[in-house]
Amino acid sequence: MPDTLLFAIEVTLNGLMAGVLYALVALGFVLIFKASGVFNYAQGVMALFAALTLVGIMEGQVPFGHLLNVIFGTELTTFGWTLPSVVGILLTMGVMVVLAILIEKLILKHLVNQPDIILFMATIGLAYFMEGFGDLMWGSDIKKLDVGLPQGISDVIDTTTFGWFGYGFFIDKLDITATVVAALLVTVLVLFSQYTKQGRAMRAVADDHQAALSVGISLRFIWVLVWSIAGFVALVAGIMWGAKSGVQFSLSLIALKALPVLMLGGFTSIPGAIVGGLIIGVGEKLFEFFIGPMVGGATENWFAYVLALLFLVFRPQGLFGERIIERV
Amino acid sequence: MNDTAVTTTPDGRTIGGVLMEMKHITLRFGGVEAIKDISFDIREGEIRAIIGPNGAGKSSMLNIISGFYVPQEGEVWFRGVKRPPMKPFQVAKLGIARTFQNIALFDGMSVLDNVMTGRLTHMSSGLFGQALWWGHAQAEEVENRAKVERIIDFLEIQNIRKTPVARLPYGLKKRVELARALAAEPSLLLLDEPMAGMNVEEKEDMSRFILDVNDEFGTTIALIEHDMGVVMDISDRVVVMDYGKKIGDGTPDEVRANQDVIDAYLGVAHD
Ligand SMILES: Nc1ncnc2c1ncn2[C@@H]1O[C@H](COP(=O)(O)OP(=O)(O)O)[C@@H](O)[C@H]1O
Ligand SMILES: [Mg+2]
């Protein structure tokens with residue numbers, strides 16, 4: 001096989017795995033948007049916040065340590081423990097649930113029946129608040145996140161593919177793990193929404209608020225539930241991203257890539273979020289590979305947005321979004 | 001009639017004591033008084049109709065009973081106790097189910113799934129319970145499923161069980177909505193214009209279903225209709241509303257003979 005083709009295949013595979021992470025963040029957006037019609041700008045920051053909290057808890061970092069030290073002249077830094085990642089993840093999930101409850105109590109509850117744009121603005125506020133709050137709580141330095149996931153280039157794939165094609169593919173084990181975890185996560189979510197009482201209630205609320213109320217569903221409970229699940233998805237995305245490139249504040253920016261993913265996949269479609277994520281992941285890697293050199297590179301910064309723009313022109317409802325038919 | 005008297009209808013059904021009582025209800029939207037100091041009761045086992053011209057305040061009354069609207073004045077009594085202000089989902093849990101004038105179904109779901117949501121108030125297993133007691137949750141699911149299938153058979157919608165409701169014609173949608181409300185096995189069933197927009201044949205079917213539900217399950221039914229004819233045939237007692245006021249209350253015959261009602265329906269000038 002010609003080398004370029006093999007190389008393109010490798011780039012595609014890597015793109016697919018980058019796409020998995022986009023898809024994860026996009027999935028969080030879709031869940032909340034479907035259930036409450038809220039476009040949650042803070043989804044990316046939630047991933048960052050979850051990752052920060054996880055590192056902080058696992059390493060026994062004293063929350064608000066810097067602030068406390070300034071005020072009380074103490075020198076607190078750590079509690080001196082290191083927790084296993086399972087414990088850390090469970091505790092962080094607890095924090096995300098508390099966060100969901102607070103968001104419902106302090107924001108959503110007061111904005112019911114407000115126009116969507118108001119709720120959207122509220123989530124922008126939430127995003128900046130959480131970014132600052134995360135900074136204050138855990139500090140702004142780049143942190144290493146190690147939950148014991150396999151890392152590094154997979155030798156097996158390298159040697160196997162070398163044996164087959166005379167060209168070894170470089171695939172990061174972490175990317176493979178991320179793909180498997182994401183697939184598991186989506187499977188669990190689908191099972192949950194199809195086969196549990198709460199899942200059924202969630203789908204009902206996503207479909208029609210009035211009808212949902214009439215069959216005895218508490219909207220506020222469902223909102224807390226959905227934001228908790230979105231928090232869980234954010235935690236998974238945060239772990240993967242953090243393990244890959246360290247936990248840093250730019251994570252919330254990368255997460256904005258979920259926006260073009262949503263334009264592609266449609267804001268209300270879970271399969272759309274996944275396929276959209278993969279298309280953007282692969283598309284931007286291949287584009288960078290083939291076209292990048294001709295235009296001076298760095299196409300990954302804008303490719304996704306241009307692709308989404310083209311999509312908006314030709315298929316505004318996205319790949320899987322419900323068709324928009326104007327009622328006349 | 002007093003509160004506990006048990007009576008028997010001409011067709012042999014038993015009407016029990018007062019199940020729900022509305023006392024001096026007043027509801028305003030801004031400056032508009034949609035309901036003005038209305039009182040009436042609903043007895044156990046009866047079919048109670050609320051009729052009146054468009055805009056009379058009928059839907060608003062039903063919305064108050066089901067917790068969607070909160071009246072500025074008045075009290076709602078259920079099973080002999082004054083009901084505190086409640087959210088619609090809490091009212092549903094009391095065993096009060098409803099349909100809407102402008103059909104509110106879950107368009108993304110099949111008929112079967114729509115009707116299954118009617119069972120939500122009967123599903124006990126919590127979030128973690130379901131994960132830990134998978135077997136129990138499954139048994140519950142099977143039991144609920146069986147109840148739902150019975151209702152689907154009862155309303156003769158077996159052949160569309162798997163159809164997404166968005167694809168159904170209007171008349172069938174109304175029937176699915178009724179099925180979902182029935183799935184809750186309500187003690188009080190509220191129907192907002194169950195026959196509106198239907199042709200004669202569909203209206204007859206719906207009338208028959210309403211009578212059968214009341215007869216077979218003993219369900220108390222309060223229904224709204226602005227077509228006098230149909231309503232007079234199927235209801236035990238009728239409240240007549242006009243411009244937010246109650247202008248008549250009694251058996252169909254009594255109401256038909258009431259001069260205010262005749263005036264309202266013949267369009268005699270209001271003053
Ligand atoms: N949510 C609402 N907001 C403002 N006005 C309302 C609302 N619901 C009903 N109304 C008003 O209350 C009055 C009674 O309406 P409604 O109860 O729907 O009458 P009906 O069902 O008898 O046709 C109408 O004037 C209507 O415009
Ligand atoms: Mg009405």
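A polar contact is a pair of N or O atoms within 3.5 Å; within protein, one of the two must be able to donate a hydrogen and the other to accept it. The views below are taken from a predicted model.

View 1. Four residue pairs are in polar contact between chain A and chain B, with both residues at pLDDT 80 or more. The side of chain A that touches chain B receives two or more residues from each of helix H7 (173-195), helix H8 (197-207) and helix H9 (209-214) of chain A. Among these elements, H8(A) gives the most, with seven residues. By residue class, the side of chain A that touches chain B comprises ten nonpolar, six polar and five charged residues. Two salt bridges are found across the interface of chain A and chain B. A salt bridge joins A:Arg203 to B:Asp113, and their closest N and O atoms lie 3.7 Å apart; this pair counts because the limit for a salt bridge is 4 Å.

**View 2. Extent of the interface of chain A and chain B.** The contact involves 21 residues of chain A and 27 residues of chain B. Together the two chains bury about 2100 Å², and 63% of this area is on carbon and sulfur atoms. Of the area that chain A buries against chain B, 31% comes from A:Lys197, A:Arg200 and A:Val215, more than from any other three residues.

**View 3. Packing of helix H1 and helix H13 in chain A.** Two packed helices are described by the angle between their axes and the distance between the axes. For helix H1 (residues 3-36) and helix H13 (residues 270-290) of chain A, the angle is about 145° and the axes are 6 Å apart. The crossing of H1(A) and H13(A) is right-handed. Residues of this contact divide into 21 nonpolar, six polar and two charged.

**View 4. Positive phi values at B:His24 and B:Arg79.** B:His24 is a residue other than glycine, and its phi is positive, near 50°. B:His24 is placed in strand E3 (residues 18-29) of chain B. B:Arg79, which is not a glycine, has a positive phi of about 50°. The position of B:Arg79 is in the loop between strand E6 (73-78) and strand E7 (81-82) of chain B.

**View 5. Surroundings of B:Met228 in chain B.** B:Met228 is in helix H8 (residues 228-234) of chain B. With neighbours within four places in sequence left aside, the contacts of B:Met228 are with B:Ile51, B:Val261 and B:Tyr265. B:Arg180 is 48 residues from B:Met228 along the chain, and the C-alpha atoms of B:Met228 and B:Arg180 are separated by 26 Å.

Methods: Residues are numbered from 1 along each chain as its sequence is written. Chains are lettered from A and ligands numbered from 1 in the order in which they are written. This is a predicted model: local features need pLDDT of at least 70, side-chain atom pairs count only at pLDDT 80 or more; totals for chains, interfaces and linings use all residues. Side-chain values use heavy atoms; hydrogens and water are left out. Contact means heavy atoms within 4.5 Å. Buried area is the accessible area (1.4 Å probe) that two parts lose on being put together, summed over both. A salt bridge is a side-chain nitrogen of Lys or Arg within 4 Å of a carboxyl oxygen of Asp or Glu. A polar contact is a pair of N or O atoms within 3.5 Å; within protein, one must be able to donate a hydrogen and the other to accept it, and residues adjacent in sequence count only if both atoms are side-chain atoms. Helices (H or I, at least four residues) and strands (E, at least two) are DSSP runs, numbered from the N terminus. Ala, Val, Leu, Ile, Met, Phe, Trp, Tyr, Cys and Pro count as nonpolar, Asp, Glu, Lys and Arg as charged, and the others, Gly among them, as polar. Axes are lines fitted to C-alpha atoms, for helices over the stretch in contact, and angles run from 0 to 180 degrees between N-to-C directions. A crossing is left-handed if the near helix is turned anticlockwise from the far one by less than a right angle, and right-handed if clockwise.
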